[in-house]
Amino acid sequence: MEKFTKLTGVAAPLPVVNVDTDMIIPKDYLKTIKRTGLGKGLFAEARYKEDGSENPDFVLNKPAYRNAKILVAGDNFGCGSSREHAPWALLDFGIRCVISTSFADIFYNNCFKNGILPIVVSQDDLDKLMDDASRGSNAVLTVDLEAQEITGPDGGSIRFDIDPARRHILLEGLDDIASTLKNESVIGSFEQKVSSERPWL
């Protein structure tokens, strides 16, 4: 998994509350178990018209936001079903950070497992960031995970909190398997001890 230390990129505003995982990646795209190729399906029902052409009114289709790396979203982002395809689609599109006032628990956990940083901020701070994100191609934010700070295009900064263990996982680029292997020697010692004390197991 790619490390997340500092990210600078265009932030796209999505001032919609209760964005569920079906909106993030519709069920039509759930047939695959691959983590790549889902970017085209991200927000598909909003991004495309019925004939398959792009909806020019959707934020990620606007020229300024086509390469957005950060999403500034409304409250309760990622609610609904537990599909891990949702963070896969965000990551495949190029989004590595989502900022909101709250996230659904399963989506929040899945983000960390896939190298995406979900940041919880206050409503006042979200309003400021949403305003920053509304500046089009000038909507550049810097997210510094080490410093736990978001810096806006005017130089103003916002601090954010994050669980230290989850922060470490992203900074080191560790998925569940890599995190477990960090303790390989301890696990090996335990297994050897159990094997000698209980050879019948």
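Select residues 1-123, which an unreviewed UniProt entry lists as "domain: Aconitase A/isopropylmalate dehydratase small subunit swivel"; UniProt positions are given in the numbering used here, feature names are shortened, and such annotations may be inferred rather than shown by experiment. The end C-alpha atoms of this span lie 31 Å apart, and the span is 22% helix and 17% strand. Helices (H or I, at least four residues) and strands (E, at least two) are DSSP runs, numbered from the N terminus.

The model is a predicted one, in which local features need pLDDT of at least 70 and side-chain atom pairs count only at pLDDT 80 or more, while totals for chains, interfaces and linings use all residues. Residues are numbered from 1 along each chain as its sequence is written, and side-chain values use heavy atoms, with hydrogens and water left out.

Now display the whole protein chain. Eight helices and seven strands make up its secondary structure, and the C-alpha trace spans about 65 × 40 × 25 Å along its principal axes. Of its 201 residues, 42% count as buried (under 20% relative accessible area; exposed is over 50%, partly exposed in between; 1.4 Å probe, protein chains only).

Next, select F43, F77, L90, I99, L117 and I150. These residues have the most contacts inside the largest nonpolar core, which has 56 residues. Such a core is a set of buried Ala, Val, Leu, Ile, Met, Phe, Trp, Tyr and Cys residues joined through side-chain atoms within 4.5 Å. Centre on L117: leaving aside neighbours within four places in sequence, its contacts (heavy atoms within 4.5 Å) include F4, F112, V143, F160 and L170.

Move to R47, in helix α2 (residues 44-47). Which side chain of opposite charge is nearest to R47? It is E54, 5.4 Å away, and the buried R47 has no salt bridge (a side-chain nitrogen of Lys or Arg within 4 Å of a carboxyl oxygen of Asp or Glu). A polar atom of the R47 side chain does lie 2.9 Å from the backbone oxygen of G39. Beyond four places in sequence, R47 also touches residues including S53, N61 and F93.

Finally, compare two loop residues. N18 lies between β1 (6-14) and α1 (21-24), and Q148 between β5 (140-144) and β6 (149-151). Phi of N18 is near 55°, a positive value, and phi of Q148 is likewise near 55°. Most residues other than glycine have a negative phi. N18 is partly exposed, at 43% relative accessible area, whereas Q148 counts as buried at 15%.

Methods:
Lys, Arg positive; Asp, Glu negative; His and termini not counted. Polar contact = N/O pair within 3.5 Å; in protein donor to acceptor, adjacent residues only side chain to side chain.
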